[in-house]
Amino acid sequence: MNCSVVYTDSTMYDDVRRALLYQGNVLVYRACEASVSFIAHARTMIEEAFAGVDPERAQFTMPVEEFISILAPLKPRFTHHPQTTIIVRDLLEQMGCDLDLTYQDLPRLRAVTSDGYLTSGVGYAHHAHRDTWYSAPMTQINWWIPIYPIESANSIAFHPRYWSSPVKNNSYDFNYYEWDAVGRADAAKHVTSDTRKQPKPQEPLQLEPQTRIVPEAGGMILFSAAQLHSTVPNTSGKTRFSLDFRTTHLLDLDQRAGAPNIDSFCTGTSLRDFLRASDLSAMPQRIVEMYDSGRRGLSETLVYRLAVEEHDLRERQFGAI
Ligand SMILES: [Fe+2]
């Protein structure tokens, strides 16, 4: 079947759900008790940080440097707050995940301001990308939740036409360990432009028509890390606050299941960031090693780089191909 399906409030088992996600389908859920607790927790932290100023409109009342000085410490404070991890576990349980086999990473708080107020660093508006270009495993599932009500003009966009079509990109230049050491720590320094080395498309993309999904606050969008997606340029007049985290299933990793890899050639793996949901124990070393030196190794990187160079050379010789 060559189409993407958006399933809403599906009651299927997690095994079936993961299989559908690995085929490029997207699942949307209405808010549940745990996700409502999650956004309430996030709102409390956000509103405390903005100290009486409406967070969605704070960008219109302060210079961007002040906005960054609030947001930059808030993001890691949210990620590492003890309550944050507990709520993710509750949410996964409520959503029917096996907590002994499901591994979660640390949730992230995102803020995308309106009208280009802040588009880099801590407010980075993501260009079209697959998370798998950033060394995510092909089994990764993204969970995306708006904290306040959103609309089409400040939502997330999917580009399902690229589910099975490779995009020429420079993920071969991306190494997860380098990014982890340098890229994230530097995010707050990027006020007006973002020079962090990120994997990006290296060809014009047809991003429209695109699919935008607008769940209620606390509603959830689940999608594969291999799904091409982007931040909608925010023209809503409000800063969009969302949270997201990722999961991966141990048996799928062990069996090398997951979405097909059609164009990700980065090195390193983000698997060490995932902890078992039941007890927060580390990802088994054997599994990490399977992916650390596996098919994303140097030789395939070189093969891809050569293919890109050959493509460019032919383009110069024969025109557009
Ligand atoms: Fe992403």
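These legends describe close-up views of one predicted model. Local features need pLDDT of at least 70 and side-chain atom pairs count only at pLDDT 80 or more, while totals for chains, interfaces and linings use all residues. Residues are numbered from 1 along each chain as its sequence is written, and side-chain values use heavy atoms, with hydrogens and water left out.

View 1. Three residues supply the donor atoms: His129 (NE2), Asp131 (OD) and His229 (NE2), lying 2.2 Å from the iron ion. Donors are N, O and S atoms within 2.8 Å of the metal (3.2 Å for Na, K and Ca). Water is not among the atoms, so sites may look incomplete. Along the sequence, the donor residues follow the spacing H-x1-D-x97-H. His129 and Asp131 are both buried. Buried means under 20% relative accessible area, exposed over 50%, and partly exposed in between (1.4 Å probe, protein chains only).

View 2. Asn142 sits in strand β5. Helices (H or I, at least four residues) and strands (E, at least two) are DSSP runs, numbered from the N terminus. At 4% relative accessibility, Asn142 is buried. Its side chain makes a polar contact of 2.7 Å with that of Asp131. Such a contact is a pair of N or O atoms within 3.5 Å; within protein, one must be able to donate a hydrogen and the other to accept it, and residues adjacent in sequence count only if both atoms are side-chain atoms. Leaving aside residues up to four places away in sequence, Asn142 touches Asp131, Ile221, Leu222, Phe223, Ala225, His229, Phe245 and Arg246. Contact means heavy atoms within 4.5 Å.

View 3. The structure holds 15 salt bridges. Each is a side-chain nitrogen of Lys or Arg within 4 Å of a carboxyl oxygen of Asp or Glu. Arg130 pairs with Asp263, with closest N and O atoms 2.9 Å apart. This pair links distant parts of the chain, 133 residues apart. Arg130 lies in the loop between β4 (108-112) and β5 (141-146), and Asp263 in the loop between α6 (250-254) and β11 (275-276). Arg130 is buried at 2% relative accessible area, and Asp263 is buried at 1%. Arg246 forms a salt bridge with Asp244 at 2.7 Å between the closest N and O atoms. Arg246 is buried at 5%, as is Asp244 at 6%. Arg89 and Asp90 form another salt bridge, at 4.0 Å. Arg89 is partly exposed at 30%, and Asp90 is partly exposed at 33%.

View 4. Helix α1 spans residues 14-22, and Asp14, Arg17, Arg18, Leu20, Leu21 and Tyr22 are buried in it. Elements covering these buried residues include β1 (6-8), β2 (26-29), β5, β8 (220-224), β10 (240-249) and α6. A network of salt bridges links Asp14, Asp15, Arg17, Arg18 and Asp252. Just after α1, Gly24 takes a positive phi of about 95 degrees.

**View 5. An open sheet of 3 strands.** The strand order is β7-β6-β9, with antiparallel pairing. Strands pair if DSSP finds at least two bridges between them. At the edges are β7 (211-213) and β9 (229-231), each pairing on one side only. Strand β6 (residues 156-158) is joined to β7 by 3 bridges. Phe158 has Thr211 as its bridge partner in β7.
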